[in-house]
Amino acid sequence: MSLFDLIYAGSNAAWGLAEQTVADAIQQKGKDQKVAFPSTAYSLPVIYSATGMKINTLGDLETALGVAKSLIVEEEDLGKALNAGLSTAVSAEIIESVKYALQEDPYEDEPGIGFVPDPVIRSLGVPLVTGDIPGIAVLLGESESPEELAAIVKDYQSKGLLTFLVGKTIDQAMEQDVKLGLEMRVIPIGYDVTSVIHVVSVAVRAALIFGALKPGDLAGLLEYTKQRVPAFVNTFGPLNEVVVSAGAGAIALGFPVIADIDVPEVPGALLTQKDRSLTVKTSLETREIKIKVKEIDIPVAFAAAFEGERIRKDA
Amino acid sequence: MSHEVLEFDVVSASLTEKAKTDGAELIWDRQQAMKAKCGFGDKGLCCRICAMGPCRISPVEGKGAQRGLCGATADVIVSRNFARMVAAGTSAHSDHAREIATVMHMSNKDGNYKVKDVGKLLNLAKEWGVETEGRENDDIAHEVAEIALNEFGKPFGTQRFITRAPEPRQKLWKEKNFEPRAIDREVVTLMHSTHIGCTGDADSMLEMSMRTSLADGWGGSMIGTELSDIMFGTPTARGTEANLGVIEENMVNILLHGHNPSFSEMVVLAAEEPEMIAMAKEVGADGINLVGMCCTGNEVTMRHGVKIAGNFYQQELAVLTGAMEAVIVDVQCIFPALARLSDCYHTKFITTSPKAKITGSTYIEFSEEHALESTKTIVREAIMNYANRDRSKVLIPQAKSKALVGYSVETVIQHLDKVVNSHTDVFNTVKPLSDVIWAGVLRGAAGIVGCNNPQVKHDKSHVTIMKELIKNDVIVVTTGCAAQAAAKAGLMTMEAKELCGRGLKEVCERVGIPPVLHMGSCVDISRILDIVGRVAIERGLDNSDLPVVGVAPEWMSEKAVAIGTYVVTSGIDTYLGVTPQVLGSEHFTDMLTNTIEEKVGARFTFEEDPVVCAQLILDRMEEKRDRLGI
Ligand code: SF4
Ligand code: SF4
C-alpha cells in the first residue's frame with residue numbers, strides 16, 4: 001500500500017472509532033452530557049485552535065466528527081494526506097474527551113497523566129522561549145530494547161529536552177529506572193495511542209498562549225508550531241495505520257517523525273533510524289535543535305531537568 | 001499577418017506591428033506564403049531519395065498509388081524519412097561534441113582553452129581508465145579528449161557511456177542489439193540503409209534509428225556535456241534575467257545565437273576584456289550587453305548568468321528591436337532569414353562557422369587556434385556598429401523575468417544534500433529525490449525540452465504543460481528553448497513555488513530550488529538521462545519503471561526527433577506536442593505509440609492540446625506508481 005493510502009486507512013479507522021465512541025457515550029449519558037478537559041480555558045484545544053469551535057457537550061462532538069470527516073479527502077496529494085493526519089488528531093481528541101466526559105479522572109489508575117492542564121503549559125513557556133528546554137521529544141510505541149529506550153530518554157533528559165512517553169514506552173522506561181515526572185522533564189501521558197493528542201494539545205495551546213494566535217487560524221497555527229515549537233516524534237516498533245496517520249498529523253504540525261523500522265522516508269519529515277544509539281542525534285539534527293550548553297562530563301546526568309529533584313534520605 | 005500566433009506572448013506581439021512599418025519579413029509571413037501544407041509530406045508519404053522519384057503514396061489505403069517506383073510501401077517510406085531525421089539530429093549533436101573534444105585536445109594551461117573543472121576531468125579519466133597519478137592535467141585532458149574523439153569512429157566496441165545506464169537497461173540494449181557502436185558509424189549506417197534498395201522493412205528501420213539515437217544521447221550529447229563542463233566549468237546555481245527586455249537602450253547589444261560553447265565561451269571572455277569595454281565607451285555606449293538565444297544562450301547562462309534574450313521563435317524579434325548591433329552565430333537553428341532581416345536595420349549578422357555559412361551574412365571565421373583574438377575581432381565589429389544604430393527605429397519591449405539557472409546534476413545533488421540527515425543517510429546521492437517520489441510527496445518528474453514551432457502557439461504549450469505538472473506535484477527539469485520559455489514565464493523563481501501543489505512546494509522550500517529546473521542546452525538532455533538513471537540505480541530498477549516522462553511540447557528540429565527517440569529507447573515515455581510526419585503509415589505510427597513499449601518499456605504519445613497532454617502524463621505517472629505499489 002502506498003504511504004498516502006496507509007494514512008487514509010488510518011484516518012478512517014480513527015474516525016470510525018471516534019464516531020463509535022461518541023455514539024456509545026450519547027446512548028449512555030445523553031447528548032447534553034458535559035464535555036471538558038480539566039483546568040483549561042481552551043475547551044478541546046486541538047479542535048478549538050483549528051476551527052475556533054468550542055465543544056461543551058457530547059452533542060457538540062457530533063459536529064466535531066463532521067469536521068474530522070471533512071478533512072479526509074482521499075487523493076494522492078501531500079496536502080490532502082497531511083489534512084487526513086490532522087483529522088486523526090481531531091478524532092483522537094474526540095475519543096480522549098469522551099473519556100473525560102464519562103469519568104472524573106480517566107487516568108487515575110495508570111502512570112500516565114493524560115490531559116496536561118494550562119498552568120503546566122504556562123510554566124513551560126519561559127524555558128521553551130529561552131531555549132532552556134531546547135526541544136520536545138514524543139516517544140511512542142514499544143522498543144525492542146528497553147535498555148536502549150532508557151538510554152534515549154536519559155540522553156534527552158541530560159540535554160534538557162522535555163520528553164513525553166506514550167504507550168508501552170512508559171512501562172519500559174519505568175522498568176529501566178528512568179525517573180518520571182514534570183520536574184524530571186519526562187512525562188508519561190497514557191497507554192492508548194489516542195493519548196498522544198495531549199502532547200499535541202500542549203503544542204497548540206503554546207501557540208494560542210505564547211503566539212497570540214486566533215482560534216480558527218489553522219494556517220497560522222501550523223506555521224507557528226513548525227517554526228516555534230521544536231517538537232519531534234520517535235516511534236518504536238512496528239507501526240499500524242493509525243499511528244502512521246497520527247504521524248502525518250505530526251508532520252502537518254511541522255514535527256518530524258523518526259522511526260526505528262523501515263518506512264517510506266521523506267527527507268526532513270519521516271526518517272528511518274534503525275540504530276537506536278543514533279536516534280537522539282538523528283532527531284536533533286532533523287528538527288534542527290542545537291544544544292546550547294556543552295554536555296558536562298560528570299558521572300550523573302547533569303541538566304536543568306534535575307534541578308527539581310528531591311534527594312531522598314534513603315538514596 | 002495574423003497575430004494569433006503570438007496571442008500568448010503580448011511582449012513580442014508589439015514587435016510584429018513594427019515589422020510591418022519597417023518592411024521586415026518574419027516567420028509568420030513566410031508561413032502564410034506557404035499556404036496549406038503538402039499533405040503527402042505532412043504524413044511522411046513523399047520520397048525523393050532517388051531520381052526515379054519523387055514518389056508519393058496515397059494516404060488512403062487501397063486507393064491511388066500504394067507503392068513508389070521501387071516498390072517501397074508507405075511503411076517503408078515513412079520509416080525511412082523518420083530514420084533520416086534521427087540521423088541528421090544525431091549528426092548535429094555529435095559534430096557539436098566533436099568540436100568540444102577537439103578544443104579539449106588543444107587545451108593548455110597558458111592557452112585560451114584550459115581545463116576548468118579538474119575534478120570532473122579526473123572522474124572521467126578514472127571512468128575511462130586513464131592514468132592520472134603524477135600527470136599534468138593537460139596531459140590527462142589530452143588523453144581523455146583523444147578517447148572521446150575515438151568514440152566517433154572507433155572500429156570496434158560500443159559507446160563507453162552506455163555503462164552509466166541502469167543494469168537492466170544495459171542488458172536490454174545488448175539483447176536487442178541496440179548498443180550503439182561508433183557515433184559516426186551509426187549515422188553512416190543509417191544513411192546507408194535508407195538509400196534506395198536497402199532496408200525495406202519499417203520495423204528494422206525503426207530499430208536502427210533507435211540504436212543511432214542512443215549514439216546521440218549516450219554518445220555525442222553526453223560527450224558534449226561532460227567535456228563542456230570539464231573545459232568551461234560545471235554549472236552552478238545562479239540568477240539571470242530572460243526575455244527581450246534584457247536588450248539595453250544605451251549599450252552595445254550583441255546577440256549570441258547558436259550552440260557551441262567552445263565559441264560562445266570565447267565571446268563571453270572577449271566581451272569582458274577591459275579593452276573592449278573601453279572601446280564601447282569610446283563610441284558613446286555605457287558598455288557591452290551580451291545576450292543569449294537558443295542553446296548557446298543556455299550554455300552561457302548556465303555558466304556565466306548571461307541574460308537570455310529569448311528562444312528560437314524570437315530570433316527575428318531580437319533584430320526587430322532595432323537595438324541589436326550584431327547577431328553572432330555558429331551552428332544550428334539559425335534562420336537564414338536573419339540575413340535579409342538584418343538588412344532592414346543596422347544589425348550585423350555575423351556567421352563564424354565553416355559548417356554554417358549563410359548567404360548575405362558577414363562571415364568572420366572563428367579559429368580555435370586563435371580563439372580569443374578571433375572573437376575579439378568579431379566583438380569589435382559589433383562595437384563599431386553602435387554609431388550606425390537608427391534610434392528612430394528602436395523599440396525594446398519592456399519585459400523580462402528573473403530566473404534561477406545552472407542546475408547541473410552536480411548542483412541538484414548539492415541542493416539535495418541540504419535535506420540529508422547525516423546520521424541516517426550518505427551525502428552526494430539522489431536518494432532524497434527518490435524518497436520523495438516513493439513517498440508520494442512528488443508524483444513524478446518530467447523533462448520538458450525542445451523548440452518552438454509555428455504549428456502551435458509559441459511557448460503556450462511549454463508553459464501550460466509545466467504549470468499543469470507543477471500544480472500536480474510533478475517536478476520539472478528542462479533544457480533548450482523550453483527552458484527559456486519557462487524562464488520568461490517566471491517559472492524559474494523561488495516564488496514560483498506558489499504555483500505548485502503542496503508536495504512540490506514543500507520540496508522547493510526545503511531543498512531551496514525553484515519547481516522548474518534549468519538543466520542547460522539540448523545536448524544537456526544527457527544530464528536528464530544521468531539523473532533519471534541515478535534514481536533507477538538507487539532503487540535497483542530500470543528507467544522504464546519510474547514515474548518519469550520526457551515532453552517536447554513544441555519541437556521542430558531533427559535533433560528533437562533524435563532526442564525523443566533516444567529518450568524512449570532509454571525507457572522513458574515521451575510526449576510530443578507536435579505530431580511527427582509519420583501518420584501516413586498506420587503501422588509505423590502504431591509502433592511509435594504502442595508496440596515499441598514491448599521492446600523498450602516506453603512509448604511515444606502525440607498530443608497537441610497541452611492541457612490534455614498534461615493529463616495524459618499525470619495518468620501515466622499514476623499508472624507507473626501503481627505498478628511499483630507506491
Ligand atoms: S526510393 Fe523508391 S519511393 Fe523513393 S523516390 Fe526512389 S523510387 Fe520513389
Ligand atoms: S530547443 Fe530546438 S530550437 Fe531550441 S536550440 Fe534546441 S534544437 Fe534549436
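Okay, a definition to start: Ala, Val, Leu, Ile, Met, Phe, Trp, Tyr, Cys and Pro count as nonpolar, Asp, Glu, Lys and Arg as charged, and the others, Gly among them, as polar. By that scheme, the shell around ligand 2 has 8 nonpolar, 3 polar and 1 charged residues.

Quick housekeeping. This is a predicted model, where local features need pLDDT of at least 70 and side-chain atom pairs count only at pLDDT 80 or more, while totals for chains, interfaces and linings use all residues. Residues are numbered from 1 along each chain as its sequence is written, chains are lettered from A and ligands numbered from 1 in the order in which they are written, and side-chain values use heavy atoms, with hydrogens and water left out.

Back to ligand 2. The residues around it, meaning those with a heavy atom within 4 Å, include Cys294(B), Cys295(B), Cys333(B), Cys451(B), Cys481(B) and Cys522(B), along with His259(B) and Lys559(B). Domain 2 (244–393) and domain 3 (404–628) of chain B each give at least three residues to that shell; the bounds come from an automatic or database domain assignment.

On the domain 1 side, Glu99(B), Asn112(B) and Phe232(B) supply 41% of what that domain buries, more than any other three residues.

There are 3 salt bridges between these two domains, counting a side-chain nitrogen of Lys or Arg within 4 Å of a carboxyl oxygen of Asp or Glu. Asp229(B) pairs with Arg303(B) in a salt bridge, closest N and O atoms 2.7 Å apart.

Now, chain B against chain A. How many residues does each chain bring to the contact? It's 24 from chain B and 24 from chain A. Together they bury about 1800 Å², 53% of it on carbon and sulfur atoms. In chain B, His423(B), Ala439(B) and Arg502(B) lose the most area to chain A, together 30% of what that side buries.

The chains also share 3 salt bridges. Have a look at Arg443(B), which forms a salt bridge with Glu76(A) at 3.1 Å between the closest N and O atoms. The side of chain B that touches chain A divides into 7 nonpolar, 7 polar and 10 charged residues.

Conventions: Contact means heavy atoms within 4.5 Å. Buried area is the accessible area (1.4 Å probe) that two parts lose on being put together, summed over both.
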